[in-house]
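Subject: A structure for you to look at

Hello,

Here is the structure I promised you, and my notes on it follow below.

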Protein chains: 4
Amino acid sequence: MLLDAFWSEVLGTATLILLGAGVVANVVLPKNKGFGPDWLLISFGWGLAVFAGVYAAFKSGAHLNPAVTVGLWVAGEPFHDGGQVIEPTFSHAMVYFAGEFVGAFIGAVLAFLAYKKHFDQDADPATKLGVFSTGPAIRSYGWNFVTEVIATFVLVFWVVASGKTPSQLGPLAVALIVVAIGISLGGPTGYAINPARDLSPRIAHALLPIPGKGGSDWSYAWVPVAGPIIGGILAGLLGRVWIS
Amino acid sequence: MLLDAFWSEVLGTATLILLGAGVVANVVLPKNKGFGPDWLLISFGWGLAVFAGVYAAFKSGAHLNPAVTVGLWVAGEPFHDGGQVIEPTFSHAMVYFAGEFVGAFIGAVLAFLAYKKHFDQDADPATKLGVFSTGPAIRSYGWNFVTEVIATFVLVFWVVASGKTPSQLGPLAVALIVVAIGISLGGPTGYAINPARDLSPRIAHALLPIPGKGGSDWSYAWVPVAGPIIGGILAGLLGRVWIS
Amino acid sequence: MLLDAFWSEVLGTATLILLGAGVVANVVLPKNKGFGPDWLLISFGWGLAVFAGVYAAFKSGAHLNPAVTVGLWVAGEPFHDGGQVIEPTFSHAMVYFAGEFVGAFIGAVLAFLAYKKHFDQDADPATKLGVFSTGPAIRSYGWNFVTEVIATFVLVFWVVASGKTPSQLGPLAVALIVVAIGISLGGPTGYAINPARDLSPRIAHALLPIPGKGGSDWSYAWVPVAGPIIGGILAGLLGRVWIS
Amino acid sequence: MLLDAFWSEVLGTATLILLGAGVVANVVLPKNKGFGPDWLLISFGWGLAVFAGVYAAFKSGAHLNPAVTVGLWVAGEPFHDGGQVIEPTFSHAMVYFAGEFVGAFIGAVLAFLAYKKHFDQDADPATKLGVFSTGPAIRSYGWNFVTEVIATFVLVFWVVASGKTPSQLGPLAVALIVVAIGISLGGPTGYAINPARDLSPRIAHALLPIPGKGGSDWSYAWVPVAGPIIGGILAGLLGRVWIS
């Protein structure tokens with residue numbers, strides 16, 4: 001039943017989104033101690049959110065991201081369930097997806113609870129949405145999509161290739177890659193690079209009783225889902241050819 | 001007599017609080033070279049304070065935090081005294097607690113001495129207290145408690161789970177988790193996540209001859225004690241069930 | 001035919017320049033989420049760009065930089081092609097150079113695509129050039145050359161010496177050296193320290209259809225090529241004498 | 001003759017001061033790309049300067065600091081000359097001291113050359129001195145001395161204790177401790193924590209043809225020499241007792 005893989009992805013992705021949404025809340029919601037724009041702080045926040053999430057999801061190999069699951073599947077790399085190596089198949093991928101989307105939803109709710117009093121403050125509806133989901137700096141679905149494809153390609157190709165460069169950095173390595181992507185490619189779209197990271201918190205935004213919230217910008221919601229999936233597939237294909 | 005464990009926790013927690021209170025002093029007290037708000041600086045300061053403290057407390061496994069001691073105790077993980085593994089029992093936990101609270105007090109005094117001339121400057125009494133103890137951005141005992149529970153849960157669950165993800169990061173890993181928590185969950189309460197980190201420096205604030213100091217805000221003092229203890233217990237319980 | 005070495009350097013240097021040019025674009029081009037000057041962000045961006053690039057170029061030992069190739073060649077250190085160790089010869093160095101310059105061009109084009117909508121915004125032509133190539137803070141070809149020689153010497157001497165200090169940091173170590181050089185020696189010239197990093201993106205700037213672009217400042221272009229090459233040779237010579 | 005130890009300390013300390021003085025120059029001298037106050041940038045700059053210096057000084061165990069040499073000597077820890085372990089004796093300590101002071105002087109000269117055109121700009125004489133040597137935020141020889149003693153104690157006690165906490169961080173660990181000390185204890189005095197780091201560059205400042213320079217503040221010069229030596233001795237004594 002792959003229960004270990006499922007719950008592991010739930011725990012890891014919940015940790016990722018709790019900390020990731022948390023850093024945005026800290027920076028954008030009024031009266032927080034970390035209030036004020038600081039892209040380096042945000043980039044480290046998301047990178048270290050991945051770091052923490054990887055530890056929490058050790059039983060499933062810590063995908064935390066449907067684009068990673070897709071990329072490994074395309075590349076033919078194995079999945080994990082508890083101490084077992086399992087085949088990358090459609091049904092196994094579905095278990096990972098389920099864990100990722102459920103975990104991301106739980107993480108968003110926890111971030112809301114941790115910052116409850118700050119959500120009660122007056123702030124722009126778009127600002128409150130920004131704690132949950134990404135949005136473009138300049139709205140252009142085509143180019144926003146391109147940016148998400150490129151950024152996710154870098155992430156997933158790294159995941160596929162990383163096993164070939166021995167180091168003992170463990171979860172720190174992927175955390176630093178996520179910091180790098182945020183610093184370097186996060187400017188135009190806020191770097192979703194992960195469908196679960198964007199879609200589940202957007203659903204949470206729609207459902208939670210957030211004072212003064214506006215719409216959940218569903219017209220943009222397909223970009224941070226489709227872009228990462230395409231980027232992940234392309235990276236998996238290159239990985240299959242180049243990394244043997 | 002567990003003298004190694006006691007003195008080890010004293011040394012480690014003193015280092016933690018000397019450096020942790022130090023970064024706050026640097027940022028908030030007038031005329032310092034690091035003066036001015038920078039949440040990333042503060043988050044790295046506390047994280048690296050843990051990093052340094054872990055080295056100093058190698059003989060006891062470096063809890064440095066009653067919430068960590070409680071969490072490991074609940075999870076059934078062993079304690080350490082010098083080179084010996086010891087049972088996680090009530091009396092052993094008391095030795096750790098004693099070392100943690102004594103060490104935190106010493107660290108606060110040393111930070112006061114290192115920044116003596118800057119404490120002599122005019123500054124808001126709340127600012128001077130802030131070098132020692134945490135305080136809420138928006139005072140709401142219930143929600144502040146929730147934030148401390150969630151943030152400490154992340155820390156202690158990581159401590160329990162970390163042994164299962166091999167890496168050679170050593171003390172850097174827990175330091176980065178503390179940086180992550182500060183960046184992502186520190187906005188509402190200043191992330192005590194450690195009863196000794198908050199209570200002992202608060203006592204030091206009450207006792208030390210600080211020019212122009214105000215009250216020590218005892219009405220808030222229970223939150224950064226009770227929240228971390230509850231968060232640590234919950235994390236220890238989940239660890240007991242999930243990490244086997 | 002050394003195809004593995006060639007394509008590996010292409011992949012690695014493309015990653016390096018995509019992320020490196022990306023951080024500059026994020027910081028200097030209007031409306032980006034990371035807009036605004038932050039030298040620490042830029043220094044971490046380039047350092048982590050190297051980090052990611054090293055993983056992508058694992059089949060060739062990840063030079064990513066003609067000055068590194070020259071320095072290792074002078075020091076007599078081996079090159080790599082797939083799993084094979086190969087001699088550092090003229091023709092092998094040419095293969096590395098080709099991969100580095102081609103990869104850097106591709107990376108610059110990808111960065112342009114990722115930031116396309118932001119290049120469409122109004123900005124100073126020098127600002128848009130700055131995404132691709134370095135330029136001096138105070139134009140003085142002689143002193144700018146000196147700065148590039150010193151900064152590259154630090155990088156390449158570290159590459160030659162690093163094998164003697166065991167650690168398990170892997171690609172993180174060289175990434176941190178690049179962060180260090182950026183922070184400490186990047187002020188006067190923007191630290192090219194790599195002929196491919198500067199020349200190929202400058203060519204891309206000349207060729208790409210960038211709205212409102214100006215000249216590519218060819219009169220300065222020799223400095224970030226010649227300085228790093230001389231710095232690399234000097235470091236290789238000292239390495240040959242001192243590191244035996 | 002201990003030539004390996006001498007030249008190793010020269011190379012390492014020159015690297016340390018080149019990069020350390022470099023980051024200050026970048027931040028305080030006009031027209032630099034990193035111009036502007038940023039304590040986190042400065043703290044990372046000095047920490048990574050140590051990181052780079054440790055690699056360059058691998059043949060001598062990389063003290064780079066007379067306070068470290070004194071502390072290890074007092075603690076009874078061995079020194080290194082090339083691949084040989086040597087006794088910590090007076091004459092061996094003198095060789096280390098000589099390498100450290102000579103290297104620091106060379107590093108200061110190199111930093112001057114790298115930033116030559118920026119030293120030619122108008123700036124406050126105290127600012128130009130600040131690239132080379134530390135100075136107090138609030139002048140009070142007694143309390144400045146106390147701060148340097150405490151900060152150096154943390155560094156040297158860590159050096160003595162670090163061998164007992166296995167990790168594979170290598171030079172990164174000491175670099176992070178130096179970052180920690182800068183962030184947390186650097187506010188009052190600018191954290192010399194190293195007699196060679198302060199005295200040799202001060203001599204360089206006195207000798208170099210720096211346009212518009214003022215005095216070298218010799219009345220303060222004893223504090224960043226005596227404070228670190230006393231801090232190093234105290235840490236070595238505690239290390240001798242506690243770390244067996």
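Let's start with one residue. C:T147 lies in helix α7 (residues 141–161) of chain C; helices here are DSSP runs of H or I with at least four residues, strands are runs of E with at least two, and both are numbered from the N terminus. With a relative accessible area of 3%, C:T147 is buried. Buried means under 20% relative accessible area, exposed means over 50%, and partly exposed is in between, using a 1.4 Å probe and the protein chains only. Leaving aside neighbours within four places in sequence, C:T147 is in contact with C:L185, C:P188, C:T189 and D:A114, where contact means heavy atoms within 4.5 Å.

Before you go further, note that this is a predicted model, in which local features need pLDDT of at least 70, side-chain atom pairs count only at pLDDT 80 or more, and totals for chains, interfaces and linings use all residues. Residues are numbered from 1 along each chain as its sequence is written, chains are lettered from A and ligands numbered from 1 in the order in which they are written, and side-chain values use heavy atoms, with hydrogens and water left out.

Helices

Look next at α1 of chain C, residues 3–28. This helix has 26 residues and reaches 37 Å from its first C-alpha to its last, close to the 38 Å expected at 1.5 Å a residue. The expected span is 1.5 Å times one less than the number of residues. In α1(C), 22 of the 26 residues are buried, so this helix is largely enclosed by the rest of the structure.

How far apart are the end C-alpha atoms of α8(A)? They are 21 Å apart, which agrees with the 21 Å that its 15 residues should span at 1.5 Å a residue. As for burial, 15 of the 15 residues of α8(A) are buried, so α8(A) is largely enclosed by the rest of the structure.

Loops

In chain D it holds D:G212, which is exposed, with a relative accessible area of 55%. D:G212 and D:K128 are 84 residues apart in sequence, and their C-alpha atoms are 8.6 Å apart in space. Not counting residues up to four places away in sequence, D:G212 touches D:P125 and D:K128. In chain B, that loop holds B:A221, which counts as buried at 7% relative accessibility. The C-alpha atoms of B:A221 and B:V160, 61 residues apart along the chain, are separated by 27 Å.

A:I193 has a phi of about 45°; it is found in the loop between α8 and α9 (195–207) of chain A and is buried, with a relative accessible area of 5%. B:L64 has a phi near 65°; it is found in the loop between α2 and α3 (66–75) of chain B and is buried, with a relative accessible area of 3%.

How the chains are arranged

Two copies of a chain are related by a rotation about an axis and a shift along it. Chain D is superposed on chain C by a rotation of 90° with 0.0 Å of shift along its axis (RMSD 0.0 Å), with copies fitted by least squares on the C-alpha atoms of residues with pLDDT of at least 70 in both. These two copies are thus related as by a four-fold rotation axis. In chain D, the C-alpha nearest the axis is that of D:Q168, 3.8 Å from it.

Which chains do not touch? Chain B and chain C do not, and their nearest C-alpha atoms are 8 Å apart. Chain A and chain D do not touch either, with their nearest C-alpha atoms 8 Å apart.

The largest cavity

The largest cavity has a volume of about 320 Å³. A cavity is a set of points on a 1 Å grid over the protein atoms alone where a 1.4 Å probe fits but cannot get out, and lining residues have an atom within 4 Å of a point. Grid points are joined across faces, edges and corners, and the volume is the space filled by probe spheres set on the points. Of the 21 residues that line the largest cavity, the closest to its centre are B:F44, B:L176, C:L176, D:F44 and D:L176.

Enjoy exploring!

How values were computed. On a 1 Å grid over the protein atoms alone, a cavity is a set of points where a 1.4 Å probe fits but cannot get out, and a pocket is an open set with protein on both sides within 12 Å along at least five of seven lines; lining residues have an atom within 4 Å of a point.
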